[in-house]
Amino acid sequence: MSEKNEHGKRAARERLARQRERDKARERRRRSLIVGGAVVGVLGLAAVVGVIAANTGGKGEKGKAAGPLVAPSGATGKDSLAIRVGPDEAPSTITIWEDFRCPVCAQLENVFRDTFQELERAGRIKIDYHLATIIDGNLGGSGSLRAANAAACAQDFGKFAPYHDVLFSNQPQEAVDDFADNDKLIGLAGKVPDLDTPAFRSCVNDGKHDSWVQKSNTAFRNSGFNGTPTVLLNGEPIFPKKGNEPITVANLKKWVAEAEKSKKPAAAPPAPTAPGSAEATSTAPGSAATSTAPGFAEAPPATPGSAPAVPTTPESAALTPAPAGS
């Protein structure tokens, strides 16, 4: 009889645990803020969906000691918190706030990568990347911080753009904190020619740029932006749409052309193998031409008169947006 009672109690505890998990999943879905936009790719129709995940500055950042603030080589902008890709003289600036654990950031980068690089090589845009750690704060863990530090280390060696692309092309599922493992990040550096060196490994393992990343995340929290990715063209928000127009490859090119009507493109970079060039990144796995971001199903082609299919991520860590200045 006692064995049957114990079995019954165990079964009851398991049912209660399953119910709690279901309740948590429903709550996450309720709090998810999902926005969508159709994205026209080079080889067909892809979809990008924006999941706004506001940072609470929470559990992922508590108790983490960091060393002195060291900005990565060539960092620019206010307080040297931006990493620039593209010619300084380009007439238009795209500003992107990203988190390396954010699945929608990966979707954005994997879909628009070819277009960004095309416009950069033509001297028409420069991109200022700002790194945030909102998923660490919302889901716990340290993968956002560790990956951002590693990307800043790559910037020290002139390899930010290709390594940034490799990270997003190999992004784990949002709730799986694989990027918290420095060995994982160093292993991915092997996909970027000449990056995996003793100096790079030391930079990653020592957390050389942790304080810089944390300052960047604080700037994001104080900016009034609600989540990642946040994308601006010359200071105007364009993700998931600009005005009433959704962000697509065609619309992005049109918006850039409109912005530069009275300006001249910058001279194209002299060396095609510079960080961020086509040769440096075209072989990165998971490029927009071959796949969608990890964790997203590729949208089927839209039929005439129908709305494009939009994948959703109900488990994304979306919380109530923090007010500006909080």
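Which residues do ring pairs link into a cluster with Trp97? Phe220 and Phe225 are linked with Trp97 in this way.

This is a predicted model in which local features need pLDDT of at least 70 and side-chain atom pairs count only at pLDDT 80 or more, while totals for chains, interfaces and linings use all residues. Residues are numbered from 1 along each chain as its sequence is written, and side-chain values use heavy atoms, with hydrogens and water left out.

**View A. The largest nonpolar core.** This core has 54 residues, and Phe100, Phe116 and Tyr163 are among those with the most contacts inside it. A nonpolar core is a set of buried Ala, Val, Leu, Ile, Met, Phe, Trp, Tyr and Cys residues joined through side-chain atoms within 4.5 Å; buried means under 20% relative accessible area (1.4 Å probe, protein chains only). Another core, of five residues, lies apart from it and includes Trp97 and Phe220.

**View B. The Phe100 and Phe168 pair.** Rings of Phe, Tyr and Trp (its six-membered ring) pair if their centres lie within 6.5 Å; planes under 30 degrees apart count as stacked, over 60 as edge-to-face and the rest as tilted. Phe100 and Phe168 are tilted, at 4.9 Å centre to centre and 35° between the planes. Phe100 lies in the loop between β4 (92-98) and α2 (103-121) and Phe168 in helix α5 (residues 160-169), so the pair ties together parts 68 residues apart in sequence. Helices (H or I, at least four residues) and strands (E, at least two) are DSSP runs, numbered from the N terminus. Both Phe100 and Phe168 are buried.

**View C. The Phe112 and Phe116 pair.** The ring centres of Phe112 and Phe116 are 6.0 Å apart with planes at 25°, so this pair is stacked. Both residues lie in helix α2, four residues apart, about one turn of the helix.

Conventions
Buried < 20%, exposed > 50% of the residue type's maximum accessible area, 1.4 Å probe, protein only.
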